[in-house]
Amino acid sequence: MSSRTSPASAWLITYFAGFVVVCGMLLLTLFTQRPYGDLSRLGHVSEAEFGWRKPPPKVPPEQLQGTPIDQADILVIGDSFSMTHRWQSALIRNGYTVATTFWGQYNDALCADFDAWLQRAGFRGRLVIIESVERLLSERMKKSSECQLTAGKLEAHNQPFLPPLEHLPTFEWNTGVPLTTGFATFRNTQKIKRAPDAVTADFRTIARPVKDGCQYFSHRLCEKALFFGEDDDNGPLARVDAERMASFDRQHGKVPLLWMVIPNKTTVYIDPAHSADFVSAFNGSGLGPDLFAFAAREKGRIMDFYFPNDTHLSMHGQLALGDLMLGEVRKRLPEPRPKGP
């Protein structure tokens, strides 16, 4: 009798081996905790190790309700740091009516027709707050300084564009993702655990050691946190960026402007001097509050000031930001405008 394996037997062995591998990968993926942070999701990093564990604050729904453009006292032009409406809730709670819109709706540029653009949309309010995260501001101001017509009609979102979680996530089957997700997550997480220094996972997600990290974050692997590679790739802000902001402010004086520059998570926890020249110029301009100093202070006061598994401020951080912005608004608008009949 021949000891050689027949073609049919070889095919069955190969099929069975492949079946076992696929089943193993499927089970690994299904039992990998579903990610609830942008960076843990994009980077394929374990949520069990990097997911926040401090319960989020709750905000009454009526304090998240936006106002139509033509009825708002304050217009917010922001980015993903404004999409939850959480920091704006401090203004709404204190009687101000707020409409929120986003840079991305207008090709990330506010152009020479800015005053007329507001007027065409029917905005009759008393203050415009322009919010941008540090890493995107330079390109936005460069584009704004070069364009004549703002793209698109000014439109606001009455409801939060990105509603955040309002509870600690519980386990869910990790379905609807590629079969390899569980393996990629396991591989990246083990690599991060073993490495003494920064490790790049998938899609520009970087795990970095954070000095005294367990004083700042609630996740299990709190001596490290996840950061967005774009914080490094886009480079620091410079004095010229503050000059462009001041020039925009001078050219568009029909409605007062208040600027919010939110520092990158990497700046706050890893490289505080990243945009030092810009911060110095901005703070001498009177354009808005120093959110770099604010973040440096609040990161040690508020656990999970930024999410450990995300590039954004947590909801705890956003509410603190809202309290600070309420004070800034009151310097310019001491009282909300009385509501008409």
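A disulfide is counted here as a pair of cysteine sulfur atoms within 2.5 Å. The tour concerns a predicted model, in which local features need pLDDT of at least 70 and side-chain atom pairs count only at pLDDT 80 or more, while totals for chains, interfaces and linings use all residues. Residues are numbered from 1 along each chain as its sequence is written, and side-chain values use heavy atoms, with hydrogens and water left out.

**Stop 1: the disulfides**

A search of the whole structure finds 2 disulfides. Select C111 and C147, whose sulfur atoms lie 1.9 Å apart. The torsion about their S-S bond is -100°, and the link is left-handed. C111 belongs to the loop between β2 (98–102) and α5 (114–120), and C147 to the loop between α6 (134–146) and α7 (181–194); the pair thus links distant parts of the chain, 36 residues apart. Helices (H or I, at least four residues) and strands (E, at least two) are DSSP runs, numbered from the N terminus. Both cysteines, C111 and C147, are buried, where buried means under 20% relative accessible area, exposed over 50%, and partly exposed in between (1.4 Å probe, protein chains only).

Next, select C214 and C222, which form a disulfide with sulfur atoms 2.0 Å apart. Their S-S torsion is about 85°, so this disulfide is right-handed. C214 is partly exposed, at 43% relative accessible area, whereas C222 is buried, at 11%.

**Stop 2**

Display strand β4 (residues 199–200) together with β5; they pair in the antiparallel sense over 2 bridges. Two strands pair if DSSP finds at least two bridges between them. T200 stands opposite I206 in β5. The two strands β4 and β5 form a hairpin with 4 residues between them, and F203 in the turn has a positive phi of about 45°. R204 lies over the face of F203, 5.4 Å from the ring centre; a charge sits over a ring if NZ of Lys or CZ of Arg is within 6 Å of the ring centre and within 35 degrees of the ring normal.

Of the 5 residues of β5, 4 are buried. In the loop between β5 and β6, select D212. Its phi is near 55°, a positive value in a residue other than glycine. D212 is partly exposed, at 38% relative accessibility.

**Stop 3: the aromatic pairs**

The structure holds 14 aromatic pairs. Rings of Phe, Tyr and Trp (its six-membered ring) pair if their centres lie within 6.5 Å; planes under 30 degrees apart count as stacked, over 60 as edge-to-face and the rest as tilted. Select Y36 and W52: their ring centres are 5.2 Å apart and their planes at 80°, so the pair is edge-to-face. W52 is buried, at 6% relative accessibility.

Then select F217 and Y269, a tilted pair with 4.8 Å between centres and 40° between planes. F217 lies in the loop between β5 (205–209) and β6 (224–228) and Y269 in helix α10 (residues 265–269), 52 residues apart. F217 is buried, at 2% relative accessible area, and Y269 is buried too, at 8%.
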